[in-house]
Amino acid sequence: MMYFARWKTAAIGAVLLLGVLLCLPNLFPASSLPDWARRISLGLDLRGGSYLLLEVDLNAVVRERLEGLADGARTRLRNANIGYVNLSADPAGRRVSFRVRDPAQAEPAARQVRELANQITTSAGTSVPDIEVAAAPDGTVTATLTEAGLRSKATGAVEQSIEIVRRRVDETGVAEALVARQGQNRVLVQLPGVEDPNRIKELIGKTAKMTFHLLDEGANPAAGGAPPPGVMFLPGDRAGAQERYAVRRRVEVDGGNLTDARAGQDSRTGEWVVNFAFDSVGTRRFADTTRQNVGRPFAIVLDERVITAPVIREPITGGRGQISGSFTAQSANDLAVLLRAGALPAPLTVVEERSVGPELGADAIRAGMISLAVGTAFVFLYMGLAYGLFGWFANIALMFNIVLLLAGLSLLEATLTLPGIAGIVLTLGTALDANILINERIREEVQNGRSPINALEAGYTRASGTILDSNLTNLIAMVCLYVFGSGPVKGFAVTVSIGTVVQMWTATVLTRLMVAWWYRRTRPSELPVFQRPGLPLLERLRRPLFRVFPDNTRIPFMRGARIGLIVSAILSSVSLAIAFYPGLEKGVDFKGGITMELRTPGPADLARLRSAVSGLNLGDVGLQEFGDASTVLVRLPVQADEAGTQTAVNAVRGAAEGVAPGTRVLRVEAVGNRISAELFQGGLLALGLSFLAMLLYIWFRFEWHFGIAAIATLLLDTTKTVGLMVLFGIEFNLTTVAAILTVIGFSANDKVVVFDRMRENLRRYKAMPMRELVDLSINETMNRSIGTSVTLLLAALPLAMFGGDTLSGFAWVMVAGIVISAASSVFIAAPIVLFAGKDRAPPPPAPAAGARVPDKRPAAPSPVGG
């Protein structure tokens, strides 16, 4: 297998060339590229912008349908001369009910209501009504919205909302905005480059449902009491005014018939107005209404507020009109935008908001690039010095690994976020794990006396199974994170997954090709895997300069098996205890609330800011200096509802501006109760399912006690990591869940390598006592375990030191998890396998007196991997 046919070499070269070509568009501005070019987009946390998650109020959809049904029933019953009482809509029960005075007319009344049903098409292609109408013997008629009708209204409302929000956002001129459906009743809006999304939130959150109604001149809203049937009391739209209008429920002309709306100035008064135009249907209805009601007031209603109620002086037949009021240039333009885009079928509420200013995004990019550069330099040096020529081959493969990773992200047109950069940095460490396995196995084969070509062949062949097993466990963790994660965390999972798949190919194929070329050119008598005295300087530099763990060790690790398990159990128990009390410090993702990062023009006056924000009555307010004297982090508790969350954000912004004019909002994270509960549940599901999936995989690939040992160890590793988070006050949020899952993947990877060597030794030394076999396997794999841990630490430490405040918690959790996982492979997983597998074979029979028993143990165990 060290021979590569020309077509294989050409195919490998083509893959590498394609990877380079796919990366090239990222070096040029998007405006200069053709439409077919694919490139990576920067996430909002890197280039600045806003992420809004809007929720469609489906209760309002149901309420509107039932009110329309009740209004239609009222008209039909009156026209059919059917007397009735107690006609009302019950949104909670999803029904409209009334009682006819004459029970004999119950069935005719039910027929009248059935004619108001809307026909909907089911998934089976059949047409069914959206309401069920039943008549009781006492004359009570009930019309209930069916499940099919409810689903149809909900689906239609969400799809219509998405289209209208997209049109409204496009009208504002935001480039590359993303509007997409998320879940059953939510709309995701991403606004790149928008530092303060407040105005756009107001635009896309307004229902903007405009209708034209006649006023009821017989009702007096000032007298109080309930409005008469068919009438509603609505407030006026002028600020500070207390006037109310008695508006007939019947819609004379619907705003859905508008074809255009533009802001302008009245030629007579100079005030700002909105000029509108109807389509043919709206023109006819508007002309009929104004012709039949000359001299009567005519109300223009927007979102259940009367904008204006002029008296009709003469018929308006041209299909054009004008809305006047206390408009400014911006408010008139905003209303025109809303009317052109159309009315939302139901109110939209911002349930989650994450905004990052461009300044903070630039800082994040700079921190990420520094971490990537430093991590790359450390990892390259370690591999070159620890493995010599073969280590430098691995470094070349690592460079192409990063190129192919970026090519994959470009092909998917993925969005690169700050956690995504963290994923690339971590790929530096994990990508070399396979190379370490191969190099250690080659070294072992040379020690066993194989020729150079046979050692190379055996090294790559025997390490391939272990590489597959160890990397699949990491992929399992990333799949769980992608399925149950949210936002940028999904990008992290995608990045690590692509990097894992690519590194398996570069380690087993690309490095093998480079080694094959080198071998054919040099035909060495021995492989440069040992450092020997007396060699020329150039030859010494091609060989490893140091070993992390000494060769030929016989450390009896299992003598401390019971102590290791007891200490681990105690530490995990204490970690669990402090996780409940005083408890993990949940981030805004999981407990809800608001986090705002503000930057004042000069050093922040924390006392005045705290006083101003505390006076807003928003609950317990936390303020602290964040990074430097001019940057302040503000934390607010979760508000009573999502609308209150947005009100609180705006109030804090205004208070900070009042204390320090010119204050900039660098970052906003606002998460409501329901979203935080969903994110928390998703994070726990990701952790739980990753444990279960790894248990099943290891159980399938190994014996049952290996699976039990792996899961028990992963649980103990996780609890200790959580305990350290409590001790050092690291927030428990989506990013640290990603770190914990990455630690789980690495920990399982490390255990699989040790288990694989145990399984191999079980087949090779059938009569060896289990305790000695476990010690032998650990000694043989120690260099691989420590080597992979060192490369991961070298990649994670720069992220912790230079990655900025956003990623510091993530990186330190990674560092702690790496150390814990490396120790647990020896002192927890191996003892569990030892005690669970003691009965794997009977001990050899005692030799007869004077008999000689051949020693079936290896003469000198070597610390090699795989």
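Biologist: By about how much of the helix are Phe390 and Phe393 separated in helix 9?

Modeller: In this predicted model, Phe390 and Phe393 form a stacked aromatic pair, with 6.3 Å from centre to centre and 25 degrees between the planes. The two residues are 3 residues apart in helix 9, so their separation is about one helical turn.

Biologist: Is Phe393 buried or exposed?

Modeller: A residue counts as buried when its relative accessible area is under 20%. The relative accessible area of Phe393 is 12%, so Phe393 is buried.

Biologist: Which class of aromatic pair do Phe212 and Phe276 form?

Modeller: Planes under 30 degrees apart count as stacked, those over 60 as edge-to-face, and the rest as tilted. The ring centres of Phe212 and Phe276 are 5.7 Å apart and their planes lie at 50 degrees, so the pair is tilted.

Biologist: How many residues apart are Phe212 and Phe276?

Modeller: Phe212 belongs to strand 11 and Phe276 to strand 16. The pair thus links distant parts of the chain, its members being 64 residues apart.

Biologist: Which helix supplies the largest share of the nonpolar patch?

Modeller: The patch covers about 720 Å², and its residues include Leu381, Trp392 and Leu537. Helix 9 and helix 14 each supply at least two of its residues. The largest share, 3 residues, is from helix 9.

Biologist: Over the ring of which residue does the charged end of Lys490 sit?

Modeller: A charge sits over a ring only if it is within 6 Å of the ring centre and within 35 degrees of the ring normal. The charged end of Lys490 is 4.5 Å from the centre of the ring it sits over, that of Tyr482.

Terms used:
Residues numbered from 1 in each chain as written. Predicted model: local features only at pLDDT ≥ 70, side-chain atom pairs only at ≥ 80, totals over all residues. Heavy atoms only, no water. Patch = residues over 30% accessible without salt bridge, like charges linked within 9 Å, V, L, I, M, F, W, Y side chains within 5 Å. Areas by Shrake-Rupley, 256 points an atom, 1.4 Å probe, with all protein chains shown as cover. Salt bridge = Lys/Arg side-chain N within 4 Å of Asp/Glu carboxyl O. Helix = DSSP H or I, 4+ residues; strand = E, 2+ residues; numbered from the N terminus. Phe/Tyr/Trp six-rings, centres within 6.5 Å; stacked < 30°, edge-to-face > 60°. Buried < 20%, exposed > 50% of the residue type's maximum accessible area, 1.4 Å probe, protein only.
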